[in-house]
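Biologist: I'd like to work through this model with you, one feature at a time. Could you start with how to read strand pairing?

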Amino acid sequence: MRRYGLLGGATILALACSGAVPTPPPAEPDRWRFLGAVTGAPAPPPNGPGAGEAGLVLGAPQRAQARTVADALAAYAKRLKGAEKRRIAAVKTWGLRRTPLRAPAPPADKPKLTSEPGHTTGKGLPPVIVQVPTDEKVVFLTIDDGAEKDPELLEMMRELDLPYTSFLSDYVARDDYDYFREAHRDGSAIQNHSINHREMPTLSYAEQREEICRQQDILEKEIGERPTLFRPPYGAYDRDTLRAAASCDVEAVPLWAEEAFPDRIDWGRGDHELHPGDIILTHFRGTDEWSGSMPDMIRRVLDTATSQGFALARLEDYV
Ligand SMILES: [Zn+2]
C-alpha cells in the first residue's frame, strides 16, 4: 500500500478561483473576441477586409459602433477598477501583510499530466500528481474533509477573490451542504474525498468503488456538478483505488506538495520553498483542532506565497 503526504513520495494541497473579476481584455487576436462579446459585432475575418480595423463595418455605422466599443471598454475598465479597489480594501480587512499576486490567465490548453515518479501508473488509470507541470509562478490551494464550516472563510476568499478547491468527505460535509453550495457559487470547485474517509488500500475493490463512486453521485446531486478529481484520504491508495476512480469519471488524483496550518507550513521539500504548480493541502478545521482559525491559515498561505512571488490559481484551469 502507498501512503503519501510527501513529495518524491510527496504530499500536497490546492485552492481554486472565483472569477468575480472579469477577465482582462486579452492581447490581440483575442481582443476581437472580447470586443465581439461586448458589442455583439461579429469577429473580423482573420485576413479579410476590415482586419486591422477593429473589426468594424466601414461607413456611417462605424462611428456608432466605435462609440459602443469605447463605452463597453470604459464600463469594463470601471468594473475592473472597482473590483481591484474592493480587493485592496479586503487586504486590510483581513490583515494580510501584502496584496496577493494575481494569477496569470489560465493556459489555453491544459498541460498533459503524468503520474509523479514513484506513483502507480497504468493504461486508463488517472494520473497521481503532487504538482502541475507549469512554468508559471502559481500554486493551488486545496481544502479537505469539510468538518469546519466557518462563514468567515467564504467571506475572506470572496472579498480577496481567491481560488481554491474543496475535497469533501460526505460523513463530515453532509450536515450542511448549503455551506459548500455557497462556496461553489462563489467559484470554488468541489471535488471528491470519499464518503467515510477510510484508508482505501484496506478495502476491497467493490468497497473502494462504493466510497468513491457514490460520493461522485452525492456531490453531483448536492452541488450540481460531477467532480473530476479524487483525493484519497491520507494520500493512501493502491491500483484498485485508481481503477475504481477511473470507472466513475475521475480524471486525476491530486495529492500535495505542502501542507498548511494556521501557524506553519509543512514543506514537502528540503528547500522550504514553493515550486511552480505545487498543490498545497489544508483542512476545514476549527480552533478546537488548530492553534488558529481558518482565516489565520489562509493568511499563513497567502503571506508565504506572496513573499515567494507566487499567486494562487484555480486547479481546474490546469487539471
Ligand atoms: Zn482527509
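Modeller: Strands themselves are DSSP runs of E, at least two residues, and helices are runs of H or I, at least four, both numbered from the N terminus. Here, β4 and strand β5 (residues 189–192) run parallel, joined by four bridges. One caution: this is a predicted model, where local features need pLDDT of at least 70 and side-chain atom pairs count only at pLDDT 80 or more, while totals for chains, interfaces and linings use all residues. Residues are numbered from 1 along each chain as its sequence is written.

Biologist: Which residue of β5 is the bridge partner of Phe-167?

Modeller: That's Gln-191. On the β3 side, strand β3 (residues 138–145) pairs with β4 in the parallel sense, over four bridges. There, Asp-145 sits opposite Leu-168 of β4.

Biologist: How does the chain cross from β3 to β4?

Modeller: Read a crossover with the strands pointing away from you: if the path from the first strand over the helix to the second runs clockwise, call it right-handed. This β-α-β crossover goes through helix α3 (residues 151–160) and is right-handed.

Biologist: Are the residues of β4 buried or exposed?

Modeller: Count the other C-beta atoms (placed from the backbone) within 10 Å of a residue's own: 20 or more is buried, 12 or fewer exposed, in between partly exposed. In β4 (residues 165–168), Thr-165 and Phe-167 on one side and Ser-166 and Leu-168 on the other are all buried. In β5, Ala-189 and Gln-191 point one way, Ile-190 and Asn-192 the other, and all are buried. Across the protein's 319 residues, 36% are buried.

Biologist: And how do I read helix packing?

Modeller: Two packed helices are described by the angle between their axes and the distance between the axes. Axes are lines fitted to C-alpha atoms over the stretch in contact, with angles from 0 to 180 degrees between N-to-C directions. Helix α6 (residues 205–223) packs on helix α7 (residues 239–246) at about 50°, axes 9 Å apart. So α6 is oblique to α7 (under 35 degrees is roughly parallel, over 145 roughly antiparallel, 65 to 115 roughly perpendicular, the rest oblique).

How values were computed. Pairing = 2+ DSSP bridges.
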